[in-house]
Amino acid sequence: MSQQQAIAQYCTRLGDNSLIQSYRLSEWCSKAPLLEEDLALTNFALDMTGRAELLLELAGKLQTPTRTADEMAYRRGERQYLNDLIVELPNTDFAFSIIRQFLVSAFEVQLYTALSQSTHTELAAIAAKALKEVKYHYAHTADWVLRLGDGTPESNRRAQAALEKLWPYTHELFEMAAGEDTLVANGIATNAATHYAPWIEQVETVLAEATLNLPKTTHRQRGGHTGIHTEHLGHILTELQYLQRAYPNAIW
Amino acid sequence: MTQDTQLNTWEVFMQARSGANYIHAGSVHAADGEMALQNARDTYTRRGEGTSIWVVPTSAIVASNPDEQDMFFDPANDKIYRMPTFYTMPEGAKAI
């Protein structure tokens, strides 16, 4: 894999993570427990769509032949999507979506802090913009983790159940995909494994304050980096890509 | 009437730029001040409307009674000599 291909793959992974997170959060539109939270979550979704567009545009530009951000989003099948599995799991309840966003955003604060120093100037600029957004996503969801964990017995039970369900999927966040070693060596990408220590420390602190327990399971679920997904991604793409599949090249 | 399950309301005041007055923007539901600030941010500042936000519990606002509107406000309106426009400007006074 050439360096250019590796950068394209790396940006595709980051872009896919943003796009699928955005999709899941936008599903809360009109259904969140509070009107204000409805606005907050869909606002986050818009942040993520914007980030996905920038990253997929960059990834598409580096390919031969080049592809637009829209082609990247609408013309790839699930096996070509490289997002982490954790972002595609369905929203089962509010606690699940909040705990997931908290876990992922805590990681993304570390990731985009590091990437804003990338030697790839375009990627560094995207990361610097994303960092402001993910810091707020983290602060907002960490606040909710405290409220849910230390709230009522019902909210605590739901938050803990979500944590148990999501935990095996967190490990994939800290893994690199094949061919990305040279990007780390050249200071273009950041080795995701280095973000684990600060991430777990931060997550442990918040969970302890929220009277939630760190899951004990050692089970690990992975596959997204090689395009092996849960059954849920196909359903997302069916809806997401419907218009471009039914009416190719439709514009509005 | 069904019970309001949407938490207490908070009034939101926003400053458009440093030094400007804080202007009432609307209200949000929230459990406490921290949540009220975040909700105000997400509800009212999405298109760059503000640089600073105040939130105040709605219950802390003391409002005038609409039934006492006559007593409160009318006396000010029927004395036109209170208004600067009542007085004609002397012709020679250019600097006023």
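This is a predicted model: local features need pLDDT of at least 70, side-chain atom pairs count only at pLDDT 80 or more; totals for chains, interfaces and linings use all residues.

Reader: How many residues of chain A are in contact with chain B?

Author: 16 residues of chain A are in contact with 14 residues of chain B. Contact means heavy atoms within 4.5 Å.

Reader: What area do chain A and chain B bury between them?

Author: About 1300 Å², with 45% of it on carbon and sulfur atoms. Buried area is the accessible area (1.4 Å probe) that two parts lose on being put together, summed over both. In chain A, Glu36(A), Tyr136(A) and Arg147(A) lose the most area to chain B, together 42% of what that side buries.

Reader: Which side chains meet in a salt bridge?

Author: Arg147(A) and Asp32(B), at 3.0 Å, N to O. The count between the two chains is one salt bridge, meaning a side-chain nitrogen of Lys or Arg within 4 Å of a carboxyl oxygen of Asp or Glu.

Reader: Which helix gives the most to the side of chain A that touches chain B?

Author: Helix 2 of chain A, with eight residues. Helices (H or I, at least four residues) are DSSP runs, numbered from the N terminus.

Reader: New topic. At what angle do helix 1 and helix 9 of chain A pack?

Author: About 80°, with their axes 11 Å apart. Axes are lines fitted to C-alpha atoms over the stretch in contact, and angles run from 0 to 180 degrees between N-to-C directions. So helix 1 of chain A is roughly perpendicular (65 to 115 degrees) to helix 9 of chain A.

Reader: Which residues of helix 1 make the contact?

Author: Leu19(A), Ile20(A), Tyr23(A) and Arg24(A). They meet His232(A), Leu233(A), Ile236(A), Glu239(A) and Leu240(A) of helix 9 of chain A.

Reader: And the backbone? Is the peptide bond from Thr64(A) to Pro65(A) cis or trans?

Author: That bond is cis, with omega near -10°. Pro65(A) sits in the loop between helix 2 and helix 3 of chain A.

Reader: Where does Ser30(A) lie?

Author: In the loop between helix 1 and helix 2 of chain A. Ser30(A) has a positive phi of about 75°, although it is not a glycine. Most residues other than glycine have a negative phi, and most peptide bonds are trans.

Definitions and conventions
Residues are numbered from 1 along each chain as its sequence is written. Chains are lettered from A and ligands numbered from 1 in the order in which they are written. Side-chain values use heavy atoms; hydrogens and water are left out. Helices (H or I, at least four residues) and strands (E, at least two) are DSSP runs, numbered from the N terminus. Angles under 35 degrees count as roughly parallel, over 145 as roughly antiparallel, 65 to 115 as roughly perpendicular and the rest as oblique.
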